[in-house]
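Please look at the model first.

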Amino acid sequence: MTDTTTRTPATTAPGATAHGVGHSAQRPDATLKVIGDFAYASDLWLDGMVWGVTLRSPHASAWIRSIDVGPALRMDGVRAVLTHEDVPGEKFYGLEHKDQPVLAIDQVNYQGEPVALVAADHPETARRAAAAIVVEYEVRAAVTDPRESRNFVRRQPVTVGETFVADVVVTGEYEVGMQDQAFLGPEAGLAVPSEDGGVDLYIATQWLHVDRDQLAPCLGLPPEKVRLTLSGVGGAFGAREDLSMQVHACMLALRLGKPVKIVYGREESFFGHVHRHPALMRYEHGATRDGRLVYVKADILLDGGAYCSSSPAVVGNAASLGVGPYEVPNVRVLATGVYTNNPPCGAMRGFGAVQACYAYESQMDRLAEACGLSPVEIRVRNAVSQGSRLITGQLIDSPAPLADMLRDLEAFPLPGPLPTPAAADLLDLPGGVSQTTHGESVRRGVGYGVGIKNICFSEGFDDYSTARVRAELVNGEPHVTVHTAAAEVGQGLVTVQAQIARTELGVQTVTVATADTAVGSAGSSSASRQSYVTGGAVKAACEAVRERFKGLTAREALARFGPIEETREFRHRPTFPLDPVTGQGDSHTQLALCVHRAVVDVDVELGLVKVVELAAVQDVGRVLNPVALEGQIHGGSAQGLGLALMEEIQVRDGRVLNPSFTDYLIPTILDMPPMVLKVLENPDPAAPYGLRGAGEPPTLSSTPAIAAAVRAATGLPLSRVPIRPQDIALR
């Protein structure tokens with residue numbers, strides 16, 4: 001079977017423009033990436049540069065009694081060795097709270113915490129020198145079980161109603177393991193000291209300005225002397241929101257007066273960025289005999305690891321979206337994030353909603369069975385729609401056709417039947433040709449999953465983007481340059497910005513300037529927000545340029561008036577913090593829905609799973625680039641498959657056991673099944689072009705759909721993801 005996509009278009013659309021909004025305009029980086037010529041941050045090079053390396057703690061929790069850098073400094077080719085005493089400014093940084101030390105001071109709180117820096121003429125010399133540094137640790141007991149921690153990052157309740165008795169009650173305890181973003185391009189950057197005493201940093205990141213605002217105080221510099229330029233980014237998925245090597249490279253460059261490059265290897269990358277929060281969750285659902293939800297109780301515990309990162313916002317998402325897109329009149333939800341001595345956790349695609357989705361969707365399947373209903377029917381009977389309210393009291397004031405989406409999904413034809421053992425092709429069986437089965441113990445299952453995800457930043461954050469648009473004649477032809485600080489991390493944002501400019505100005509030749517801090521902030525490339533917020537800023541700036549055309553064509557206007565440049569900021573409608581006691585409040589800007597159906601074959605003796613097909617229906621408001629959108633849905637579904645079946649950082653006593661792509665498994669092209677998609681376009685009137693952020697929702701619903709299908713095939717409860725072979729194999 002091949003992938004297929006159907007599209008239900010919006011009823012209104014801007015005028016057609018070649019390579020504009022609504023078209024599958026080709027990405028300018030596509031060919032370079034395919035042939036291997038695209039320049040990633042790890043390819044950065046300057047003559048005379050030196051190499052930086054970070055010494056990291058081998059312990060999850062310990063006091064630092066002494067650091068002897070002498071053996072490293074005595075090595076030939078070593079230019080500098082720095083510790084916390086050499087931090088020129090503030091010694092702590094952080095996304096939401098400044099709790100993370102630039103370099104460990106008197107203690108380490110997780111395995112992999114940076115302790116010292118080395119710069120040398122050759123990267124191998126730098127690594128040997130880092131290994132020569134003598135650190136005396138006094139190891140102490142590590143807190144690694146989140147249930148034992150009383151050091152809270154945030155506790156967010158959501159309470160509605162008073163009725164907590166029902167005809168049918170189902171309870172369940174669920175666990176989600178620690179998933180890694182597993183981008184293919186490890187952390188890398190190049191710091192270059194400047195004549196004004198500042199520094200220029202070329203970096204793969206998700207948010208240039210927040211990096212700068214964390215870096216400058218630590219470097220003892222004003223923000224204007226810390227200039228960042230985006231380099232080629234080999235994937236992100238949330239892990240590049242936090243600082244990694246940025247401040248370390250800049251410290252070394254300023255100390256030496258020379259360019260310094262730092263590139264992590266794969267193992268160091270696992271220690272150098274945050275991960276998805278592991279979760280322990282207990283749910284209780286009560287319903288009438290005909291399957292109408294009466295109440296939901298939920299206790300969601302998220303392990304934030306050693307430092308805060310974005311855990312408060314993750315907790316807020318888990319709480320506000322903790323029962324899913326269902327109408328529930330009575331709710332008691334408590335989402336809690338805690339500190340431990342496990343690796344720090346923060347942003348990853350889905351951002352708190354993923355963990356809750358796995359639990360509440362597992363519960364909906366249990367409730368369906370208890371009520372004698374199908375998995376689709378139980379969801380249809382409780383589905384939200386436009387005019388419904390979230391458990392936080394927020395009104396859903398734009399289209400939310402969840403019941404229709406579920407019916408559409410159910411109507412997709414199923415793939416062909418499971419082949420008989422005699423006729424089975426080993427390539428079509430779980431495990432493929434490497435296994436000994438011929439299909440004797442393979443069973444098929446079908447499962448459904450529904451997810452709801454907030455789009456853009458929430459809870460009162462001043463979420464905006466800035467765009468500068470310049471129109472001019474180049475060789476007599478109109479040319480438009482779009483300049484924003486929005487990070488292209490693989491999602492196709494550069495292409496979308498150009499499409500918007502073509503649509504709004506009617507000019508085909510558009511250049512999107514390299515993102516840097518020379519223009520106002522565009523916020524983070526996260527929360528599925530850039531098409532909405534930066535797209536809105538580009539649209540607004542283009543409209544301002546068009547106003548100055550005074551009704552003339554672009555060529556006529558530019559010939560008469562010369563170059564025209566406008567800068568605009570775009571903000572979405574305001575949001576508000578959740579009430580700390582009741583959890584009520586209009587905390588979100590926009591909500592997006594995706595539903596999945598999974599078909600799996602499971603070898604119940606070997607414990608192996610093959611996903612035969614994934615089908616999805618998603619409402620995206622308005623399609624800006626059809627091919628890019630399909631890629632986002634496929635990519636999100638792939639990460640959801642990984643969480644369902646294979647991806648987990650194994651942590652024991654605070655130590656990471658599998659920091660490599662040999663032992664941390666991610667889906668390959670052989671693991672991804674054909675996908676059937678239906679894309680709906682029900683415009684959101686508050687959003688530019690009516691669009692709805694699309695990158696994250698598929699990650700939510702794909703995981704519980706696959707888990708449900710495995711349960712259907714095996715008859716096992718399977719309350720934890722990823723599902724491991726030993727969880728399945730029948731004895």
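The lining of the second largest pocket has 26 nonpolar, nine polar and nine charged residues. Ala, Val, Leu, Ile, Met, Phe, Trp, Tyr, Cys and Pro count as nonpolar, Asp, Glu, Lys and Arg as charged, and the others, Gly among them, as polar. This is a predicted model: local features need pLDDT of at least 70, side-chain atom pairs count only at pLDDT 80 or more, and totals for chains, interfaces and linings use all residues. Residues are numbered from 1 along each chain as its sequence is written, and side-chain values use heavy atoms, with hydrogens and water left out.

**Second largest pocket**

- Its volume is about 1,100 Å³. A pocket is an open set of points on a 1 Å grid over the protein atoms alone, with protein on both sides within 12 Å along at least five of seven lines; lining residues have an atom within 4 Å of a point. A volume is the space filled by probe spheres set on the points, which are joined across faces, edges and corners.
- Of its 44 lining residues, Gly 431, Val 609, Lys 610, Leu 670 and Asp 671 are the closest to the centre.
- β25 (608–619), α14 (626–645) and α16 (725–728) each give two or more residues to this lining. Helices (H or I, at least four residues) and strands (E, at least two) are DSSP runs, numbered from the N terminus.
- β25 gives the most, with six residues.

**Cavities**

- There are six cavities of 30 Å³ or more. A cavity is a set of grid points where a 1.4 Å probe fits but cannot get out.
- The largest cavity has a volume of about 170 Å³.
- It is lined by 17 residues, with Tyr 93, Gln 100, Tyr 110, Leu 243 and Gly 272 nearest its centre.
- β6 (100–101) and α6 (266–272) are the elements giving two or more residues to that lining.
- By class, the lining of the largest cavity holds 10 nonpolar, five polar and two charged residues.
- The second largest cavity holds about 140 Å³ of space.
- Its lining has 20 residues; Ile 396, Ser 398, Gln 590, Leu 591 and Arg 692 lie nearest the centre.
- Strand β24 (residues 590–603) gives the most to this lining, with four residues.

**Helix pair α8 and α9**

- Helix α8 (residues 353–371) and helix α9 (residues 375–382) pack at about 110°, with axes 8 Å apart. Axes are lines fitted to C-alpha atoms, for helices over the stretch in contact, and angles run from 0 to 180 degrees between N-to-C directions.
- α8 and α9 are therefore roughly perpendicular (65 to 115 degrees).

Technical notes:
Angles under 35 degrees count as roughly parallel, over 145 as roughly antiparallel, 65 to 115 as roughly perpendicular and the rest as oblique.
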